[in-house]
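Here are a few friendly notes to read alongside the model. Take them one at a time, and keep the 3D view open as you go.

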Amino acid sequence: MLPDDGGLLLDPTRDETLDAIDDAFTISAQDGATLVLAMIGHGIALGDDFYFLSADATGEGNSRKDVHLSQALKEGLRDHGDLDGLIVLVDTCQAGVVAGQALRHWGEVGMGRYARRFELLTATAETPAYGGDFTRILVDVLRSGVPSAGTTIDARYLRDPLMTGAPAQNPQRITVDGGSWAQSGDEGLWLAYNAVVRHEDDDAAARTTIDRVVELTNFLQTTPTMVALEEATTQHRCVVLTGPRGSGKSTLAAAFIRPSAAHGRMSSGTIHAVAFGNGASTLGTLAASLAGQLTDQLPGFQQAARAYASSLDAAEIEGLPSLQRRVLGPLSRVGSMQQVRLIIDALDELPGATQDAVRDSITTALRQPALDLVGFVVTARPSAARPPGAHHVEADQPGDDIIAEYLRARRVDETYVSLLVPRAQGSWLHAHLLAEHAVRPGFDAADIPTEPQLTALYDEELLAAGAGNIDRWQSELRPVLAVLAAAGAGPNLPLPLAVAATARLDGPATTIRFRDVIARLSGLIVRSQPGQIGEQIGLFHSSLIEDYLLRPAQEAQFSIDPAPAHAALAAALGELASPTDHDPTDALHRYASRAEADHLWASHRDSTAVLASLNQRPLNQAADEKERWQQWHTTFESVLGPEHPDTLSAQASLAHWTGRAGDPTRARGQFTELVPILQRVAGPERAETLSARGELANWTGQAGDPAAARNQLASLVRILERVSGPEHPETLTARTNLAIWTGEAGEPAAARSQLARLVRTLERVSGLEHPDTLAARFDLAVWTGQAGDPAKSRNQLAELVPIMVGTLGAEHPDTLSTRTTLAFYIGRAGDPAAARDQFAELVPIRERISGQEHPDTLTARANLATSIGEAGDPALARDHYTDLVRIRERVSGPEHPSTLLCRASLAGWTGRAGDPVTARDMYFELVPIRERISGPHHPSTIRAQTNLAYWILATARREQ
């Protein structure tokens, strides 16, 4: 980067070189950017000093005449505190001397008191450089990508191609912590996106997973457990891998995604997708991660996902679990399906309601023939409940030989390997921490106890990061670790939120300072999209949080108090992702949806604030809402007690969303239990009690007892009229529901009368064109028709349609629904041909708005087919339904209620078209399906049995 024209600086003089370097540091620091300096040309080393030879260089090694590069870079790094890291690439002879100078003299601006992050790569050690090999290899690697890297390429991944391509030059690397090729350094100082795996259309969840997989499998070793797990997956559709903390379960889960790192052990012919779980995960976040990976890897998945989504009706969209809606349903539609294996890691760390949802989704999927090629791997600790029938594999401890190979892969000096292997004690977690110590400059194996505990290993890591300095611990490391611990293990915390929260704890207040601190903690940190706008960050393992940072001070040298960190995160979310402007497309708002309530609860046990957060940040589907309200009701009940007002509020929300998710019977039961408690605890006429009574009546009707719903609402309306007033919105809503359930209970005339009075009230109170008024007018027209006056109903709807067009728009769903109902009553009023024409106008509108195979479009086509038959052409109606049945069977499934309804209509119109025998045979096939799916006493089953009997008689009469 140069200040003026931005071009390369060719053949500069000494002064031009130094001025360009100084300008580059200044401008980068002003922008808070990372500076990349690449220097190609000639250089000489005199003693311990390296000089870059400019066009006017003397070659005498005089810093007043030649460019003393290391000193210029040290001063620039020291004097520009707002620089977001420095990357230096030097392709000259003897450039390794720069590396030596950096190692000896940059300490105070690296991990010393200035804490500046840098990466230095040189073409050589102290030998000549040849033909620009270093630069050529570097460019080739960045253009082609690195299969073993994550979404970005940093210096770690350049060692092998540089050592292979320029072995005589011995390229050098110096990292921020004074290490060389063995250190991870700051992965945020990356050089390019990885062309192998990173695509512009990858979603954030998929990129996060890719980076997590690479981090886990970088030094993967073949183990007996890996062999047993792979063999089990070839024989069983669902396999559960269990083991204690630190046994490598997450690494084995990641190995399926990256078979190249598994030394050929994991099947590369199967499509894999993994979701890494934690305490903040929901079924929705797990499904998003799996769907993102399948979109990238499985041909046809994205198209299948769109087709499946368009086939769902409103109730299915609300009620289907996220894993079914976003992953399993689309997989059932993929043509030329390959073997697919879905991996859920850390089942035991998920919230209880989410664990249940995962197990239920897997159990359901295993029963679906369309998903025969889909298998599952789940990892968990031994105490976790497993899906029924799952095959169990237990993680064994790795042998000493495997631990030794792992340490060698980490480039631990061979003299230390035999000393460290027994200290690992067969634990991958111990082995990781020991390797972090051993590759650090100045390591002494004598400092490690013979059988070190995790606390001792974590002490060593934090002391190496500078925690022994009380000022650094209090002002830098403690705030950062506290915030990350509060967010849980794994790269889940958006970087801007982490920075804002640590600032509230008097820690690093800028992104640059925050990254400077986490560079010190590199062995304990995991990052997704490091150094990018969407960067997310977290602690590498839950044991660091649960077994160290959150332990009492007498048990852990550097413990933290999580409550202030939770409070800081909650406050930062309120500022950066205000609930009043909730935007589910934004990463910060998405994090707030799944975690803000947890932070509010963990900081002050403020249940009222938790309820406000949950209500202000709604989720997209009822099934997802049900899942999270189940979690919070359980939490409140155990901590606050079963009759605390906020517990009862959470119970009401859980019951509401249970009904909305498609289970009205359970919702009715939940409200039946809740109402008497509210009457006793809150009072019989409190708003929350009356609201629960209204919900109870609604779900009672939805569960199949409209008469009971009517009676409950009649009692409720009388109380509301007295307590709130006859024209209060809650009263008017209850009156509307009373009228509807009165009609559903078999009294359409009474419903019509009630709605007529209600319409007059709403027109006066709310206005002629208020949505509530228009909805009541629609209901009045429907029940007028149901009460035996289809002509009047037709007229009422004909008056209503132009008003709805004017207020809502011609293609608003409510307008189209009103037009559909108008067409129906035109037919019932004696003009089936006009009804047919009306339905014919609606079909192309539905096709254009929703798509040709959307449920609403198929319903419109069914209405048209019926109206064609009623207008005198049963054969054409039969032909329409023949097409519709084929589409419904493909789109919705052969036993979907809408498909069965189409089959019944096809049978009916087949008989009316003059073929009673075929109609009878169709009902012979349909009735047992209805009996099995709906039950022998369901109205749809009884109708099918009745129609079967009718066509049996019709066939007999025809044969006589």
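1. Let's begin with one residue. Leaving aside neighbours within four places in sequence, Ser607 is in contact (heavy atoms within 4.5 Å) with Trp601, Phe636, Leu640, His644 and Asp646. Ser607 belongs to helix α24, residues 607-616; helices here are DSSP runs of H or I with at least four residues, strands are runs of E with at least two, and both are numbered from the N terminus. Why does Ser607 count as buried? Because its relative accessibility is 6%, and buried means under 20% relative accessible area, with exposed over 50% and partly exposed in between (1.4 Å probe, protein chains only).

2. A word on the model itself. It is predicted, so local features need pLDDT of at least 70 and side-chain atom pairs count only at pLDDT 80 or more, while totals for chains, interfaces and linings use all residues. Residues are numbered from 1 along each chain as its sequence is written, and side-chain values use heavy atoms, leaving out hydrogens and water.

3. Now for confidence. The mean pLDDT (the predictor's confidence in each residue, from 0 to 100) is 90 for the protein, and 96% of its residues reach 70 or more. Helix α26 (residues 645-660) has the highest mean, 98, and helix α3 (residues 96-105) the lowest, 66. Over residues 110-114 the pLDDT is below 50. Where pLDDT is low, the predicted coordinates should not be read in detail.

4. Next, look for the sheet. Its 4 strands form an open sheet in the order β1-β5-β6-β8, with mixed pairing; two strands pair if DSSP finds at least two bridges between them. The edge strands, each pairing on one side only, are β1 and β8 (172-174). β1 runs parallel to β5 (residues 86-91) over 6 bridges, whereas β6 (residues 118-122) and β8 are antiparallel over 3 bridges.
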